[in-house]
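Me: I would like to go through this structure by question and answer, with the cut-offs stated as we go.

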Amino acid sequence: MHPAGPAAAVIAQLWWVLLAGATAIFLFVAALIALAWRRPPGETQERRFVVWLGLVFPMTVLAALLAYGLVVGERLLPRATPDLVRVAAEARQWDWRFGYEDAPGRETENVLHIPAGRPVDVAITSVDVVHGFWVPRLAGKLDAMPGHVNVLRLEADAPGRYEGLGSEFNGAGYRDHRFTVIAHDEAGWQSFLQGETP
Amino acid sequence: MNALRRHRALSRIWASEPGLKGWFTTVNHTDLGRMFLFVATVFFVIGGILAMLIRAQLASPRSAFLGPDHYNQIFTMHGTIMMFLFAIPFFEGLAVYLLPKMLGTRDLAFPRLTAYGFWCYVFGGAMMIFALLAGIAPDSGWFMYPPLSSTIGAPGINSDFWLIGITFVEISAISAAVEITVTVLRYRAPGMKLSQMPIFAWYALVTAVMILTGFPPLILGSILLELERAFGLPFFQVAQGGDALLWQHLFWLFGHPEVYIIFLPAAGAISTILPVMARTTLMGYGWIVASAVSLGVLSFGLWVHHMFTTGIPHMGLAFFSAASTLVAVPTAVQIFAWIGTLWKGRPVMHLPMLWLLAFFATFVIGGLTGVMVAIVPFDWQAHDTYFIVAHLHYVLIGGFVFPMIAALYYWMPHFTGRRTYFKLGHAAFWLVVPGFHGTFLALHWAGLLGMRRRIDSFAPGQGWEAINIIASISSFVMAIGFALVLIDVVVNAVVAVRGSRDPWGAGTLDWAMPTPAAPYNFASLAHVTSRDPLHEDPDLPVRLARGEGYLGDPTRGRRETLSLDIASGTPRYMVVFPGNSALPMLMSAVTGLFFLGMLIKAYWLVPISAIGVIACALVWVWGLGRSTTEGALPVGRGLSLVPATEVPDPPGWWGSVFLLLANGTFFGSLLFGYAFLFTIAPNWPPPSYLEPGALPLILVLMGAGLVFFGSRLGALMGAGAALAGLVLIAGTSLPVLSQSPDPTRHAYDATVWVFVGYGLLHCLVSLLMWSVVAARRLSGHSAQTTLGAMRVARLWSDYTLLVALLSAAAIGLPGVLT
Ligand code: HEM
Ligand SMILES: [Cu+2]
Ligand SMILES: [Cu+2]
């Protein structure tokens with residue numbers, strides 16, 4: 001995980017929190033089990049195990065976690081902002097085509113151009129089977145469903161090339177169902193829109 | 001009569017036929033349970049070999065061992081075999097073998113149905129294996145998403161094998177589920193209240209009900225997809241009003257409960273074995289039952305978490321994310337109740353206990369990663385990567401395979417009547433468990449590094465090489481360990497010395513019989529007043545063998561057992577089971593021809609074999625009737641009861657109720673699918689809706705009235721009225737279909753045809769049932785002995801009229817409203 005955009009960064013941070021929490025809980029449970037051998041048998045309170053550990057403990061942890069997850073989720077939502085860029089992604093076996101709101105009629109194949117440092121909404125659809133759109137370093141994934149359009153918000157912090165993948169199994173060519181995202185600086189983006197650099 | 005003479009007499013009555021013939025004609029649950037377990041294990045080995053091929057391919061980058069076309073078949077079949085041909089049937093086998101013994105009765109509620117289900121499983125599984133060997137196996141992944149799995153993405157016969165083969169196999173799941181439900185509710189040792197049942201029976205009950213409500217959406221989905229593939233009915237094709245998302249909903253509506261259908265039986269085994277290993281009783285019996293039930297219920301509200309990346313609306317995501325984390329709570333209750341049980345007792349490290357510790361270590365991690373992927377933003381990253389592959393194996397192997405191995409070692413003395421002898425099992429344990437974690441712990445990380453699942457090879461230089469080679473080597477270590485477990489079991493079964501009757505000192509009735517089990521289980525049925533009857537009364541086995549319980553007298557020379565009141569456990573009537581018969585196998589072979597005809601598009605075979613199935617069913621049902629009454633007969637301990645042929649709610653009536661539960665879920669799923677397409681799918685409305693005239697409406701209402709009121713007039717009059725009503729209802733399909741002549745035009749038309757087909761099928765079934773009732777009366781059966789059959793027929797015809805009315809409303813309303 002090498003996040004290169006705000007969405008992916010938030011998710012990476014979420015992962016470290018989850019990992020720490022999970023490790024702690026696992027060690028706690030393991031210790032409880034080990035103790036069963038280490039202690040003299042005797043009165044054991046059903047209430048303590050079933051109610052406190054079984055009900056109250058997970059409920060508290062989960063409630064906290066869920067709240068955190070929802071907050072993170074909010075931040076990933078495609079919200080209206082003034083400098084928003086809209087592009088379209090159309091998947092097929094085994095190819096990607098991209099269109100641009102700011103350059104009507106312009107279509108690129110297997111290369112998606114975006115401006116760096118600005119939020120981009122990708123409108124994703126498919127013309128044949130179900131595909132998945134995924135740029136691991138920039139955002140989570142979203143499926144391309146035939147007949148539906150799903151919108152994914154992504155943003156690249158810095159100009160550069162990022163690998164994109166088809167992320168829903170789609171038959172014999174799945175492994176190589178890839179594309180490249182090129183994030184331009186402002187000048188590069190303008191000249192792309194003018195139709196200069198491909 | 002002494003114990004030995006009683007044993008001989010009962011064995012003569014209950015035994016399967018000797019030799020090879022016995023395999024095909026047995027209806028005995030002990031035999032069939034063992035056969036189920038054996039065949040399921042064979043499929044585990046096949047699925048395991050496929051897993052080894054996968055790991056061999058992925059051991060190094062740019063591997064050229066398998067190309068994508070083979071690789072795709074292999075991972076699809078690995079998943080499919082493990083889920084449908086290993087896990088579920090293994091549970092069925094265990095339940096078939098154990099339940100009657102734990103409940104203290106002599107067999108399952110419908111012995112011939114057990115056999116029918118078993119053979120459907122064998123024949124359906126054989127179809128799948130044939131496809132695998134012939135290189136034409138399904139290759140769209142175990143969840144078979146269309147359009148990839150439909151004619152667009154998979155024009156060959158591959159997907160048809162999945163859709164038809166698995167549906168065939170599901171017959172066995174449904175029949176086992178009906179059987180388990182009725183057995184747990186109505187066939188226990190007299191006196192055993194619901195609250196005194198062995199905990200495993202509770203889990204089996206919850207699992208069975210979940211199968212009844214969880215599998216129908218998948219069966220519906222498979223039928224719809226096969227209709228699309230074979231005849232072009234466009235349920236999943238967006239251009240004609242279908243939607244690929246519909247499949248995903250139907251599949252996961254099944255698929256999530258499926259995970260718990262696999263886990264709950266394992267939890268049942270754990271709850272049974274753990275207290276024995278800790279030499280105490282289970283902590284929080286009531287809590288555990290409650291949490292099993294709530295897991296069952298909750299698991300039907302979670303399916304969307306498999307679809308977090310499909311563009312579900314935001315509020316939906318939040319809801320299902322919350323529900324998915326909530327399901328961890330009842331799981332936690334069970335885990336901590338088990339740990340509390342360990343604290344309460346003095347645990348001993350026998351082999352089954354060792355495997356239970358492996359379960360804890362593995363399943364807890366799987367549960368924690370499960371909570372992680374329930375958090376939507378994280379799932380957006382982890383979805384469809386090796387993180388998910390690792391998570392699901394932690395849950396499935398940790399939560400099912402390990403506990404099942406514990407169960408295997410725990411009940412092995414019961415299966416074989418021998419003491420476990422060699423220490424091979426310990427060596428196996430130390431290969432499997434570290435091998436497992438070496439394989440899948442590493443793969444979590446590969447997923448986070450962006451390794452997608454289902455890729456057939458990977459390029460070097462992405463930091464994945466070390467992880468994959470570690471995973472592959474570990475997986476071979478694990479496989480050797482599993483092989484050792486199997487060798488250990490076989491060796492022990494063959495050469496170990498005879499053991500004592502209750503080697504672990506357990507308290508449940510399964511240990512109150514000589515082992516290996518006699519075909520009749522108990523020479524007489526115990527009267528149970530507590531949860532651990534064997535602890536209460538250590539002499540119980542001897543007294544039962546001496547015939548001091550119920551039905552200890554074999555002189556009537558037939559297979560007798562008792563059926564109880566559900567809650568209180570008071571005996572209600574006596575049941576006489578049918579004997580050995582090849583009919584179940586024959587009928588499932590003919591059923592197989594039906595599916596085969598569909599598969600190879602030999603459509604002439606379909607109606608012929610359908611008639612064959614009906615003929616078998618009629619022979620089957622006719623044999624169960626009895627023309628005269630016997631009245632109350634002595635059943636031992638001073639009690640007299642009437643046989644089931646003379647009561648209004650015979651076992652067949654109860655079986656019908658639960659079969660209709662599954663059937664109703666199927667119809668409900670159809671309504672759901674229709675509503676889904678109507679509201680969500682693009683390209684609606686269709687070119688035209690039906691314009692229902694007054695005539696069909698009047699016909700349906702008249703038919704429904706006749707069926708409902710007429711069928712309450714007694715056997716002969718009722719049959720006549722029901723038959724007339726059913727014909728009227730069936731007749732309305734003509735005007736309906738004439739308005740929607742082309743089912744391939746739009747998903748709406750296709751749905752209309754499915755509603756009509758479903759309705760006609762039920763008209764036919766009810767018609768046949770009422771004909772049997774009428775034929776019995778006409779051939780001289782008494783009113784008393786046809787009462788039960790008549791109530792069964794009425795149940796089905798009432799269901800049919802309900803279906804007819806709902807279907808009419810569903811397909812007619814849009815036309816009326818627009
Ligand atoms: C015996 C040890 C096992 C090994 C080494 C193993 C290995 C694997 C691997 C590497 C994959 C990923 C294939 C891919 O995505 O390309 C996979 C998929 C899968 N496995 Fe296993 N597995 C094992 C046992 C099981 C068991 C016991 C079950 C179920 C009870 C199971 C159920 C599945 C399922 C459902 C999939 C997904 C298939 C799909 O993507 O369509 N596996 N397994
Ligand atoms: Cu997916
Ligand atoms: Cu799920």
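**Metal sites and the contact between chains**

Reply: The copper ion (ligand 3) is coordinated at 1.7 to 2.0 Å by ND1 of His256(B), NE2 of His305(B) and NE2 of His306(B), where donors are N, O and S atoms within 2.8 Å of the metal (3.2 Å for Na, K and Ca), and water is not among the atoms, so sites may look incomplete. This is a predicted model, in which local features need pLDDT of at least 70 and side-chain atom pairs count only at pLDDT 80 or more, while totals for chains, interfaces and linings use all residues. Residues are numbered from 1 along each chain as its sequence is written, chains are lettered from A and ligands numbered from 1 in the order in which they are written, and side-chain values use heavy atoms, with hydrogens and water left out.

Me: How are the donor residues of the copper ion (ligand 3) spaced in sequence?

Reply: The donors of this ion are His256(B), His305(B) and His306(B). Read along the sequence, their spacing is H-x48-H-H.

Me: Does His306(B) count as buried or as partly exposed?

Reply: Buried means under 20% relative accessible area, exposed over 50%, and partly exposed in between (1.4 Å probe, protein chains only). His305(B), at 16% relative accessibility, counts as buried. His306(B) has 21% relative accessibility, and therefore counts as partly exposed.

Me: How much area do chain A and chain B bury between them?

Reply: The contact (heavy atoms within 4.5 Å) takes 70 residues from chain A and 73 residues from chain B. Buried area is the accessible area (1.4 Å probe) that two parts lose on being put together, summed over both. Carbon and sulfur atoms carry 74% of the total, which is about 6200 Å².

Me: Which residue of chain B forms a salt bridge with Arg175(A)?

Reply: A salt bridge is a side-chain nitrogen of Lys or Arg within 4 Å of a carboxyl oxygen of Asp or Glu, and the rule finds one across the interface of chain A and chain B. The closest N and O atoms are 3.1 Å apart, and the partner of Arg175(A) is Asp456(B).

Me: What is the phi of Asn521(B), and where is this residue found?

Reply: Most residues other than glycine have a negative phi, and most peptide bonds are trans. Asn521(B) is found in the loop between H16 and H17 of chain B, and is buried, with a relative accessible area of 2%. Pro516(B) also has its place in the loop between helix H16 (465-495) and helix H17 (533-536) of chain B, and the peptide bond from Thr515(B) to Pro516(B) is cis, with omega near -10°. Although Asn521(B) is not a glycine, its phi is positive, at about 65°.

Definitions and conventions
Helices (H or I, at least four residues) and strands (E, at least two) are DSSP runs, numbered from the N terminus.
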